[in-house]
Amino acid sequence: MSAEVLLPGGHGLMVRGYLPVINTLAKGLDVRLGCRVTRIDRRYNGVKVTVEDGTTFVSDAAIVTVPLGVLKSKAIKFEPGLPDWKEAAIDNLGVGIENKIVLHFDKVFWPNVEFLGVVAETSYRCSYFLNLHKATGHPVLVYMPAGQLAKDIEKMSDEAAANFAFMQLKKILPDASALINYLVSHWGTDVNSLGSYSYDTVGNAHDLYERLRIPVDNLFFAGEATSMSYPGSVHGAFSTGLMAAEDCRMRVLERYGEVDLFQPVMGEESPVSVPLLISRM
């Protein structure tokens, strides 16, 4: 029987979302939106990336950070194909689904706790809600279905999904007031994610995460599913991104010599300061 391993550290809630972080990190970069990659050709002298409309981008190296679900779907063709050990890591790591159904009410009618939940015999009867009022001051609860339940809810319309979540809430708090708005995620069926988080599958070694991270020639890999220490987390994704960027930089420097290829691009003269407002609830 294997021992349970818990990730260290606490959970934080980005009250303003991740957009301030993304905007700050993207300053000075050439970011192209609406360019879904369909093919990556790697040769000794460079990488050619092809996107859906046929446009190509050529570079000395590339960093692949697409979610594990997208790699599993074979939506991106690698030429030549990835080695067997890399394909095995992609195939044998699991991808789970956990969605968010955000419920907005006109007033707070629930206790001042972080989570509201019910434990039951089956996943269909288990329910839990994250209380955003405690962190944001808004009367909002977030229902978070996972596993097969999440997959089945994704087959519903957004309205039906919100009503399902509301009915689960009514089982906990029969006097719940009516919904005034809702928002539903679809991580399992979104073609840009095809899942929420990676997970260890039974009978496979934990080093699959490391194998997914190891470069193949001038292709480097990053993302939460490549993090040995923090899989399934934003900081896991971020830290592996830094590692891949440094590995990529060193490869290019080895090839072209110690030339200053990476002059930092200056951002705006007076950057707008946006507080991140991380709540520990």
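Is glutamate 52 buried, partly exposed or exposed, and what is its relative accessible area? Glutamate 52 is exposed, with a relative accessible area of 53%, where buried means under 20% relative accessible area, exposed over 50%, and partly exposed in between (1.4 Å probe, protein chains only). The model shown in these views is predicted, so local features need pLDDT of at least 70 and side-chain atom pairs count only at pLDDT 80 or more, while totals for chains, interfaces and linings use all residues. Residues are numbered from 1 along each chain as its sequence is written, and side-chain values use heavy atoms, with hydrogens and water left out.

**View 1. The whole protein chain.** The secondary structure of the protein chain comes to 8 helices and 15 strands; helices (H or I, at least four residues) and strands (E, at least two) are DSSP runs, numbered from the N terminus. Of the 281 residues in the protein chain, 33% are buried. The chain exposes about 17,000 Å², of which carbon and sulfur atoms supply 58%, the accessible areas coming from the Shrake-Rupley method with a 1.4 Å probe, and for residues only the protein chains shown count as cover. Among contacts (heavy atoms within 4.5 Å) between residues at least 6 apart in sequence, 64% join residues at least 24 apart.

**View 2. The salt bridge of glutamate 52 and arginine 36.** A salt bridge is a side-chain nitrogen of Lys or Arg within 4 Å of a carboxyl oxygen of Asp or Glu, and a search of the whole structure finds 12 of them. In the one shown here, glutamate 52 pairs with arginine 36, and the closest N and O atoms are 3.2 Å apart. This pair links distant parts of the chain, 16 residues apart, with glutamate 52 in the loop between β3 (46-51) and β4 (56-59) and arginine 36 in the loop between α1 (19-25) and β2 (37-43). Arginine 36 counts as partly exposed, at 34% relative accessibility.

View 3. Aspartate 60 forms a salt bridge with arginine 255, with 3.7 Å between the closest N and O atoms. Aspartate 60 lies in the loop between β4 and β5 (62-64), whereas arginine 255 lies in helix α8 (residues 234-256), and the two are 195 residues apart. Both ends are partly exposed, aspartate 60 at 32% relative accessibility and arginine 255 at 38%. In another salt bridge, the side chains of aspartate 247 and arginine 213 meet at 3.6 Å, N to O. Because aspartate 247 lies in helix α8 and arginine 213 in helix α7 (residues 208-213), this pair ties together parts that are 34 residues apart in sequence. Aspartate 247 is partly exposed at 29% relative accessibility, but arginine 213 is buried at 16%. Glu210, Arg213 and Asp247 are linked in a network of salt bridges.

**View 4. The largest nonpolar core.** A nonpolar core is a set of buried Ala, Val, Leu, Ile, Met, Phe, Trp, Tyr and Cys residues joined through side-chain atoms within 4.5 Å. The largest has 21 residues, of which Ile40, Val64, Phe78, Leu212 and Leu219 touch the most other members. At least two residues of this core come from each of β3, β5, α2 (68-72), α3 (84-92), α7 and β14 (219-221). Not counting residues up to four places away in sequence, leucine 219 touches Ile40, Arg42, Val47, Ala62, Val64, Phe78 and Leu82.

**View 5. The buried face of α3.** Lys86, Ala89 and Ile90 are buried in α3. Seen down the axis of α3, its buried residues fall within an arc of 95°, so they line one face of the helix; the arc is that of the directions from the helix axis to the C-beta atoms. The buried residues of α3 pack against α2, α7 and β14.

**View 6. The surroundings of serine 177.** Serine 177 sits in the loop between α6 (158-172) and β12 (179-184) and counts as buried, at 13% relative accessibility. Not counting residues up to four places away in sequence, serine 177 touches Phe105, Asp106, Lys107, Phe109 and Phe166. Although serine 177 and aspartate 106 are 71 residues apart along the chain, their C-alpha atoms are separated by 7.9 Å.
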